[in-house]
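Work through the exercises below with the sequence and the coordinates open, and try each task before reading its solution.

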Amino acid sequence: MTDWTDPDALDLSDSEAFDSMVDRAATREKGHFFEFFADGDELAHDPGLRLTHHGSEQWMGQTLNHDPAYWRADTARERGFDERPVHPDYLLACVMGITVEDLSEKGGYFLGRDDVTFHQPVTAGTPLSVTSTVVDTRTSSSRPKYGIVTWETEGRDRETGETLVSYQRTNMIPRREPAATDGGAVGEQDEGGPALPETLVSPDGKYFEDFRRALDTAQEEHAAVAYRHERGRTMDDQLVAGLPLATLNTARQHHNRDEMADSPSGDIVAYGDVTRSIALAHARSDEATYREHRFADERFHDFVTLGDTIYGFTRVLDCDPDAGPERAGAVTFEHVAFNQDQTPVYSGRRTALIQRDT
Ligand SMILES: CC(C)(COP(=O)(O)OP(=O)(O)OC[C@H]1O[C@@H](n2cnc3c(N)ncnc32)[C@H](O)[C@@H]1OP(=O)(O)O)[C@@H](O)C(=O)NCCC(=O)NCCSC(=O)C[C@](C)(O)C(=O)O
């Protein structure tokens, strides 16, 4: 009888024997199917990620986020930070990255996020502690292989317990026992909508006053303040697989082409936070950002795969001169990321403090 504790008992050059062993072996699963989640469940995420300047700089460089306050101590101080902070997009991606193993590693897609609030600037060296609560679960009527789960997540400083960022996020999650058919069609768009404005106004500059003047002009002309950004960024391996892995995001969607070949996208897709950060970087390159504040109603409309190029389009929705410190006012934008075929892939409402022209 073969001694199966003997390291040489399995001849790896015998492909038939190896195939048979692998096919019959049980898989030690990672992640959870839809049925695992119930409203009110609380999950503490364990991976030990600590924020670093290296990680933040890698994220910023690859996504074209060049705001000097996150690169240089002198500009950070001029902008009212005690110390040079890590970039908020990197912070958000890290907080979400370490939830993936527990929440979404099984597959399915990131559909949207709401109520994203940055509670305070965060510096390198901060170790993260992240918890999530299930706030909603439902089966998908158009895609019976999936359920839709919403979680409320809070990222804290592991040492002080202070909340750094919080948000609500919704994913499609595969069902362990799917209904018989998957009736959904990928990328179907709603028809109709309001008539388009005749005139699109673009701000003359990058300061709060420029956005406010543009909004005033648009009101007089029954126009919209809307413009696109020139830069584009083509999705390469580093963006699609490298950046999510650097945030400990273990979702197979970003780094397992074999598994993803048989999924609705047919290939690995970019981490939603990478796509979003690129479009936001394009927008930020045309404004004098003072602080990131809040995001709402973020949606991921379509897949972004290797070789796609991400561009940005911005609409200005509101200017509030009274929010924020004397040197800045709050501007609410609608940002849209779109690909080389002008297909929207991300949209979100962002309120940021923009420097005044003084
Ligand atoms: C998934 C696709 C194919 C579905 O395409 P579709 O045409 O079937 O879309 P749909 O009909 O608009 O949506 C399907 C269902 O989802 C619901 N839904 C839709 N949006 C929301 C929302 N915000 N909140 C709540 N529910 C939402 C919607 O109501 C509908 O429900 P129903 O089936 O019962 O009618 C299409 O939407 C798509 O391609 N989206 C892009 C997905 C993507 O690429 N996300 C980013 C990458 S994945 C990722 O980053 C992963 C991560 C971060 O690592 C990680 O979570 O682990």
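The model is predicted, so local features need pLDDT of at least 70 and side-chain atom pairs count only at pLDDT 80 or more, while totals for chains, interfaces and linings use all residues. Residues are numbered from 1 along each chain as its sequence is written, and side-chain values use heavy atoms, with hydrogens and water left out.

**Exercise 1. Determine which residues of α4 are buried.**

Step 1. Buried means under 20% relative accessible area, exposed over 50%, and partly exposed in between, with a 1.4 Å probe and protein chains only; helices are DSSP runs of H or I with at least four residues, strands are runs of E with at least two, and both are numbered from the N terminus.

Step 2. The buried residues of α4 are P88, D89, Y90, L91, L92, A93, C94, V95, M96 and G97.

Step 3. Because ten of the ten residues of helix α4 (residues 88–97) are buried, the helix is largely enclosed by the rest of the structure.

**Exercise 2. Classify the ring pairs F36 with F37 and Y70 with F81.**

Step 1. Rings of Phe, Tyr and Trp (its six-membered ring) pair if their centres lie within 6.5 Å; planes under 30 degrees apart count as stacked, over 60 as edge-to-face and the rest as tilted. The count by this rule is ten aromatic pairs.

Step 2. The ring centres of F36 and F37 are 5.1 Å apart and the planes stand at 90 degrees, so this pair is edge-to-face. F36 is partly exposed at 41% relative accessible area, whereas F37 is buried at 5%.

Step 3. For Y70 and F81 the centres are 6.0 Å apart with 55 degrees between the planes, which makes the pair tilted. Y70 lies in the loop between α2 (53–63) and α3 (73–78) and F81 in the loop between α3 and α4, so the pair ties together parts that are eleven residues apart in sequence.

**Exercise 3. Find how far the polar side-chain atoms of S142, N249 and H254 lie from ligand oxygen atoms.**

Step 1. The distance to a ligand oxygen atom is 2.6 Å for S142, 2.9 Å for N249 and 2.7 Å for H254.

Step 2. Taken alone the ligand exposes 1100 Å², of which the protein buries 82%, with areas from the Shrake-Rupley method and a 1.4 Å probe.

Note on methods
A polar contact is a pair of N or O atoms within 3.5 Å; within protein, one must be able to donate a hydrogen and the other to accept it, and residues adjacent in sequence count only if both atoms are side-chain atoms.
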